[in-house]
Amino acid sequence: MLAHITELYHSVERFFGNVKFAVVIILIFAAALTSGTFMESYHGAEYANRLVYKSIPFMMLQACMLLSIMCASLLRLPVRKGMWGFHVLHVGLMIIFLGSFITYQAGVDGNVTLAPNTPARDILLSDDLVKVQFQNAQKEVTVDLPFRAGANDLKIAYDGIKFHRFLPFAQEVVTWKEDKLADTSRVHSATYRLANDNFGEDITLSLHPDADFPSTTTLGLLSVHYMPTPLAACFARPSYDDLLIWDARNNTCLNPTSKDVKVQPGMTGKKIIMIKHQGEDVRFLPDLSPLAVDGNLKMIEDSPYRIFKRSLFQTKPHLFLFGESAAWFDKAEGRWMMERFQGTEAINLPWMGFGIKLTKFYPYQFPVKEPHYVKPVQDNGQIIKGGMKAVEVEVDGITFWVKSGQAMSFDRGNEKLVFEVTKRSLPLPFELTLERFKMDTDPGTNSPASYESFVSVFKGDQGSEKHHVYMNHPLKYDSFTFYQASYFQTQEGPYGSVLSVNYDPGRPLKYLGSLLLVFGSMWHFVFRGRKARPAKEAA
């Protein structure tokens, strides 16, 4: 039995220590590195890490290389004269692998985002997770997401919550959903084409509460308003009816001279409209808002009445769309115009030769933006396609997507859940503050030529230190290295900075291994060759 085990051991040793096996493994490893380099260039570093560098096959390939090196060294024991360089070289390779393994297990590689003059100490790592907050119970649960390049089926459940799919790289695609129970007079959707000889744009508008598209939009100086279809009858009234009063319960327009409608002068000179509703007077300030207001001038969102003062929309370009018809004020004619769309023909508008046509009217459907998996695309170091991450979640039979960069709340009875797709974070033992960000652009363009950060580091009783971080000039502090990676613009205007963070505990071993690798190579291929040459010539 012992003899069979010994023979098996020697067979494995000879197989993995064979030169042919080593050559094949090196060629495969080189091909994988080349493929990963191209992927990183075109699709980004994260995609290359998920598909190649940190994938299980690539790690197995490195394990085979290490096994080949170890077996090659063991086959040549005891050390013979002239083989010392060979063994030093292979020991150096094994030490490099050991240092890389330590870095992989205990190292840190992530980013820290610095908003202007705001202390930060959290490193965002590459690991994705879903964070679920049970706000009533004041509890937080995290679900780890797989580190793979493609779409992933999760099949994870927790406390009635099901996690179905994870898309590490996604792009939003417009999908139309059906709602047969909707009141089509008030919650319809439509797509239009607005164009002139020099410009054209498709517009999608919706009144459905679950739609991901708005009911109003702005195109330059033109404001476009999408309205319920019954309001078209209100706008079709003569221009001297400045006030349009709409009863949403009955989808009807009220006459401003009706006995239920009273106009009173306000203390500031603006009119106050009073409407009798359920025995009570409902107050409006049409110069300020179409919504009703209470005694404290607070807007009443659930009031069935709306008042529109048409004169407010006559000084600037405003286009009102009612599904299959459109209305606007024509300054040249001095009156409001109303037209109905006829097939695919465009309605001519009085602004810069524009025309608008109805592409499609959706009385029972509404548009949502659903994530779809895509292979990411990188341009100038920035991901321009596929930069979103999304997780499909089901709660109480309702399925929805949680997208990176925005939290999603869900009311489950008396319990409120908040979902968020984020990165695993690691706190630094000190704080970083961005005091100033500087960016230089290429002459005559807005393209950044270089950017740099002026930061201060604060660590407890040690006080603060000021540092300057820019390309090829990283900040090294407390075993961490910070490199200038990217930047972003805040909503207030100033720029923030993104620093990549690296902590490499295996670096000393990798340096030692590299030194032995160089020394062993010189010993084996240079010094050994010089000593062997005279003997060969003498022969």
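Let me begin with confidence: the protein chain has a mean pLDDT of 87, and 93% of its residues reach 70 or more, where pLDDT is the predictor's confidence in each residue, on a scale from 0 to 100. This is a predicted model, in which local features need pLDDT of at least 70 and side-chain atom pairs count only at pLDDT 80 or more, while totals for chains, interfaces and linings use all residues. Residues are numbered from 1 along each chain as its sequence is written, and side-chain values use heavy atoms, with hydrogens and water left out.

Within the protein chain, confidence is highest in strand β26, residues 388–395, at a mean of 96, and lowest in strand β12, residues 261–265, at 70; strands here are DSSP runs of E with at least two residues, numbered from the N terminus. Where pLDDT is low, the predicted coordinates should not be read in detail.

Let me turn to the sheets, for which two strands pair if DSSP finds at least two bridges between them.

Another open sheet has 3 strands, in the order β11-β10-β17, with antiparallel pairing. Its edge strands, β11 (252–254) and β17 (305–309), each pair on one side only. Strand β10, residues 243–247, pairs with β11 over 3 bridges, and Asp-247 has Thr-252 in β11 as its bridge partner.

Now to the charged side chains: how many salt bridges does a search of the whole structure find? The search finds 21, a salt bridge being a side-chain nitrogen of Lys or Arg within 4 Å of a carboxyl oxygen of Asp or Glu. One of them joins Lys-403 to Glu-172, with the closest N and O atoms 2.7 Å apart. Because Lys-403 lies in strand β27 (residues 398–403) and Glu-172 in strand β5 (residues 161–178), the pair ties together parts that are 231 residues apart in sequence. Lys-403 counts as buried at 10% relative accessibility, whereas Glu-172, at 32%, counts as partly exposed; buried means under 20% relative accessible area, exposed over 50%, and partly exposed in between, with a 1.4 Å probe and protein chains only.

Asp-504 forms salt bridges with Arg-507, at 3.8 Å from N to O, and with Lys-510, at 2.9 Å from N to O. Asp-504 is buried, with a relative accessible area of 15%, while Arg-507 is partly exposed at 23%. Finally, a network of salt bridges links Glu-46, Arg-50, Asp-128, Lys-389 and Lys-423.

How values were computed
Helix = DSSP H or I, 4+ residues; strand = E, 2+ residues; numbered from the N terminus.
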